[in-house]
Amino acid sequence: MRKILYQIGLNGLVWAVVFLCLAPFAVVLVKSFYQEGASISFQAYYEVFLASPQYLFRFWRSLGIALGIVIGQVFVSIFAGYGFAKYHFPGKNGIFFALMIFMVLPLQVTLVPNYIILDWMHLLGTTQALILPSIFIPLGTFLMRQSFQAVSEEVIEAACLDGCGVFRVLFQIAVPMCKGAVVCVGLLSFLNAWNMVEQPITYLKSFEKYPIAVALVFVSSNHIMQQFVCCLLVLLPPLFLFSCFHKEMVDGIVLGEEK
């Protein structure tokens, strides 16, 4: 009897947590169809997807920025992670330790140095100001380094004896063997880029260039229904990617922790 009550209480707690997590999304979904004076209205969806191009333009622009960050960060993480995992050079451990320190620093600490560098490069107010600093994130290098360490040295030596060069060994042997870590780095970098708030406000000077996640904050109360629809629109890319690659993401994180 005690076991049954424990199971019922545990299930009730789980459902309560699920309800608390889903309640905000349910409110946004219901509010997106609600219009004062009408029971159900699709007016907000019409204005977002058909009547006004500004919402979808900002969405696709934000998606392009996020994909640019993902591509750059994945390539940098692969090369840096492989170098730390398979090559020996002076100061390797010290550089990696410094990288780990940078990884735990809060984002706000790096905003001012990045602002000064971007100003020196005359990139403030441009899309590159969001992409370039976000490419060099230590977490991706750390995850790829941990995964590449699991690649056997015998496999790499055998490939080299068969005439494979460094890039061929990396992209035809090491990367496919660490596919889960690559997907994990890509997903984490996309979520970080898609949800960025401080960087656009700091580095961009024009409201028109703000990504959709930031621009939603400045929507007037007269367009609140469009804001609800855009909130649902913002949820789609992360939800789609996580539903397709959640297993690879978990495998990449677990492999990194095991090493």
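**Exercise 1. Find where Val217 sits, and decide whether it is buried or exposed.**

Step 1: Val217 belongs to the loop between α12 and α13 (224-258). Helices here are DSSP runs of H or I with at least four residues, strands are runs of E with at least two, and both are numbered from the N terminus.

Step 2: Check the surface. Buried means under 20% relative accessible area, exposed means over 50%, and partly exposed is in between (1.4 Å probe, protein chains only). Val217 has 63% relative accessibility, so it counts as exposed.

Step 3: Look for a partner along the chain. Gln227 is 10 residues away from Val217, and their C-alpha atoms are separated by 8.7 Å.

A word on the ground rules: this is a predicted model, where local features need pLDDT of at least 70 and side-chain atom pairs count only at pLDDT 80 or more, while totals for chains, interfaces and linings use all residues. Residues are numbered from 1 along each chain as its sequence is written, and side-chain values use heavy atoms, with hydrogens and water left out.

**Exercise 2. Work out what surrounds Lys86.**

Step 1: Locate Lys86 in helix α3 (residues 53-86). Its relative accessible area is 14%, so Lys86 is buried.

Step 2: List the contacts, meaning heavy atoms within 4.5 Å. Skip the neighbours within four places in sequence, and Lys86 touches Phe148, Gln149, Val151, Glu153 and Ile156.

Step 3: Pick out the polar partners. A polar contact is a pair of N or O atoms within 3.5 Å; within protein, one must be able to donate a hydrogen and the other to accept it, and residues adjacent in sequence count only if both atoms are side-chain atoms. The side chains of Lys86 and Glu153 make such a contact at 3.4 Å. A polar atom of the Lys86 side chain also lies 2.5 Å from the backbone oxygen of Val151.

**Exercise 3. Sort the aromatic pairs Phe79–Phe171 and Phe96–Phe142 by geometry.**

Step 1: Know the rule. Rings of Phe, Tyr and Trp (its six-membered ring) pair if their centres lie within 6.5 Å; planes under 30 degrees apart count as stacked, over 60 as edge-to-face and the rest as tilted. That rule gives 11 aromatic pairs.

Step 2: Take Phe79 and Phe171. Their centres are 5.7 Å apart with 75 degrees between the planes, an edge-to-face pair. This pair links distant parts of the chain, with Phe79 in helix α3 and Phe171 in helix α9 (residues 166-177), 92 residues apart. Phe79 is partly exposed at 38% relative accessible area, and Phe171 is partly exposed at 31%.

Step 3: Now try Phe96 and Phe142. The ring centres are 6.4 Å apart and the planes are at 25 degrees, so the pair is stacked. It also joins distant parts of the chain: Phe96 is in helix α4 (residues 92-104) and Phe142 in helix α7 (residues 138-148), 46 residues apart. Phe96 is buried at 12%, whereas Phe142 is partly exposed at 22%.

Step 4: Check for a charge over a ring, which needs NZ of Lys or CZ of Arg within 6 Å of the ring centre and within 35 degrees of the ring normal. The charged end of Arg145 sits over the Phe96 ring, 4.2 Å from its centre.

**Exercise 4. Which residues line the largest cavity?**

Step 1: On a 1 Å grid over the protein atoms alone, a cavity is a set of points where a 1.4 Å probe fits but cannot get out, and a pocket is an open set with protein on both sides within 12 Å along at least five of seven lines; lining residues have an atom within 4 Å of a point. Grid points are joined across faces, edges and corners, and a volume is the space filled by probe spheres set on the points.

Step 2: The structure has one cavity of 30 Å³ or more, and the largest cavity holds about 70 Å³ of space.

Step 3: Its lining is made of Ser62, Ile65, Ala66, Leu130, Ala193, Trp194, Met196, Pro211, Ile212 and Ala213. Helix α3 gives the most to this lining, with three residues.

Step 4: Turn to the largest pocket, with a volume of about 870 Å³. It has 37 lining residues, and Thr110, Pro133, Phe136, Ile137 and Pro138 lie nearest its centre.
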